[in-house]
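Biologist: Could you walk me through this model, starting with the words I will need?

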Amino acid sequence: MKPPLVIGLGNPLMGDEGIGWHVAECLSGDPRLPAGVEVVCGGTDLLRHAGRMEQRRRVIVVDALRDDGGEPGSVWAWDEPSGAGAAVCQPSYSQLPGLDNRQDNAHCLSAIQSIQLLRLTVRVPIKLLGISIRSANVQNDLSPELAARLPAILDRVLIELE
Amino acid sequence: MSKIVIDHLARVEGHGGITVEIEGDTVANVHFDVFEGSRLLEPLVCGKRYDEVAPVLSRICSICSVAHTLTSLKATENAFAVRVSPQTELLRELLFRGESIESHALHLFLLAVPDYLNYPSAIALSADKPAVVLLGLRLKKLGNLIQETIGGRAIHPVNAVPGGFGKAPAIEQLIELRSALMQGVADSDAAMDVMTSLPPAEFCHCDTVFAALRTPSLDSYYAGDEVMAVSDGSRAIVHANDYKSLTNECAVPHSHAKHSTFREKPFMVGSLARLTVNPRRLTGKLAVAKKRLKLQLPADNPMDNNKAQALELINDVERALAIIEQLLRAGVKDEPPVPVQPRAATGTAITEAPRGLLIHSYTYDAEGRITAADVITPTALNAASMEMHFRKTVEQSAERDDATLSRKLQMVARAYDPCISCSVHVLRRR
């Protein structure tokens, strides 16, 4: 069994949408990161990492969450609906509760859809951490509001790895 | 006046989607709005050094990060008159094939096939036909493996640099890729079985202009500097340095993407265009497969782009295998990148990304810093052609109800495999 894997999704050129990428960048250089944990900046296509996810003890996916009601930087966690352990070996097609899993992109699958499809091939518990953002605009950096929350977000991700 | 609005093709609210306004039996207006970040990203590279440009612009697209990286490098090398080694050219072509395998597998099996079989998504399809979805996932994984091995990581290749590669792949890695590609041959054959079993999709027929890279070897996504436009038997050649005479971009009020027309006609880029411009690629196994798919070239049905992608999938796997055999025979040298001598100059590159012609053009100052950048993506080039085919689809449809028209329009949109907003990828609450 391989050690845990953290995948930070997002595009760093799209402002706050790249928060998952920024989390992965910071986390990979964080001395508090438990030994052996692998961290990757995952771009925007989770399916691309199917091979890397195989045989893992667990996988944590960090992505931006368009959440008009949430404070920017709030972290929301979803476990697979079937729960961890043996049950996830069986494909489950129910939606992750509270998240939109529409096929709403003509070009690639959402993280939610990818997680659902990956159950066919990757028999690993996947935890999804959604970080509330307000905007996704072309911009090199995070908004000051979200950047200020980054240390707290890192703390929250590290708790998952304890 | 009635209106059909499909607003969830794109993920960014307020952008993307199709609007068709119908007055009686006449289509009054068709609008396809593209949210393409690339134009907005161009200012981000101004002032950057030549070796900082490709890593930034590769992020325009997560699926086509190889195409953006290699086109960027080619434009920079053209500006500084750098000639890369034959080994670098082969490795870059191999990277392109990996990306094409991944992209076509994703598009055909996880996006297009569910449409044909009337499933709302690949997840729903996987409940009834898991073998089809697993086949797509296997081929996608194969494409990813090639990109990771040659490019140095799963996404946004870091190993491809100006003048060559940071590190050549080890012989053992190429042997591993060869084994995976041999399984890929069987999978691409199985993919053809799936594609030939799909119901026909005859939604619209009309004369179409096709444009694609004309390559010296007749079969390259990377090499070559000329575009051929084919229309109704006539052919025209445009050199990369003169790309603006091909694109003739003009802003339209309803879309972030400028529209392109050649000789005042929209044109289509992508797999179907590539096979139309380079038909001599279709020999042997590909000729047989073309016959099985009942694909006639030049085609007049945009849905045939799906058939063309299936043919390219077979070809990409075979071509990748041939490149690896060639590299193994010749022996892979650990050669350093060709040194770059910056100068004040402009360089333009045209390549074939999975969904069609991709253009990068940069102007550098004497220190090798960008003073102007122009990136034109396939989806932007296709935007006017898509609107033309949307209009024809509605005009030629015997069924007039919104649900049927909406389904046909979405399938035509999907056949183009558009990259509407893939540079953005947020989760969203219900």
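Modeller: Gladly! Helices (H or I, at least four residues) and strands (E, at least two) are DSSP runs, numbered from the N terminus. This is a predicted model, where local features need pLDDT of at least 70, side-chain atom pairs count only at pLDDT 80 or more, and totals for chains, interfaces and linings use all residues. Residues are numbered from 1 along each chain as its sequence is written, while chains are lettered from A and ligands numbered from 1 in the order in which they are written.

Biologist: In what order do the elements of chain A run from the N terminus on?

Modeller: Chain A has four helices and five strands. From the N terminus on, their order is β-α-β-α-β-β-α-β-α.

Biologist: What share of the residues of chain A count as buried?

Modeller: A residue is buried if 20 or more other C-beta atoms, placed from the backbone, lie within 10 Å of its own; 12 or fewer make it exposed, and in between it is partly exposed. Chain A has 162 residues, and the buried share is 48%.

Biologist: Moving to chain B, is helix 6 roughly parallel or roughly antiparallel to helix 7?

Modeller: Helix 6 (residues 130–151) and helix 7 (residues 171–196) of chain B have axes 10 Å apart and pack at about 150°. Axes are lines fitted to C-alpha atoms, for helices over the stretch in contact, and angles run from 0 to 180 degrees between N-to-C directions. Angles under 35 degrees count as roughly parallel, over 145 as roughly antiparallel, 65 to 115 as roughly perpendicular and the rest as oblique. Helix 6 of chain B is therefore, relative to helix 7 of chain B, roughly antiparallel.

Biologist: Which residue in strand 12 of chain B is the bridge partner of Tyr362(B)?

Modeller: Two strands pair if DSSP finds at least two bridges between them. Strand 11 (residues 356–364) of chain B is joined to strand 10 of chain B by nine antiparallel bridges, with Gly347(B) opposite Tyr362(B). Strand 11 of chain B also pairs with strand 12 (residues 370–376) of chain B, antiparallel over six bridges. There, the partner of Tyr362(B) is Ala373(B).

Biologist: How many residues lie between strand 10 and strand 11 of chain B in their hairpin?

Modeller: Strand 10 (residues 345–353) of chain B is mostly covered, with seven of its nine residues buried. In the hairpin of strand 10 and strand 11 of chain B, the number of residues between them is two.
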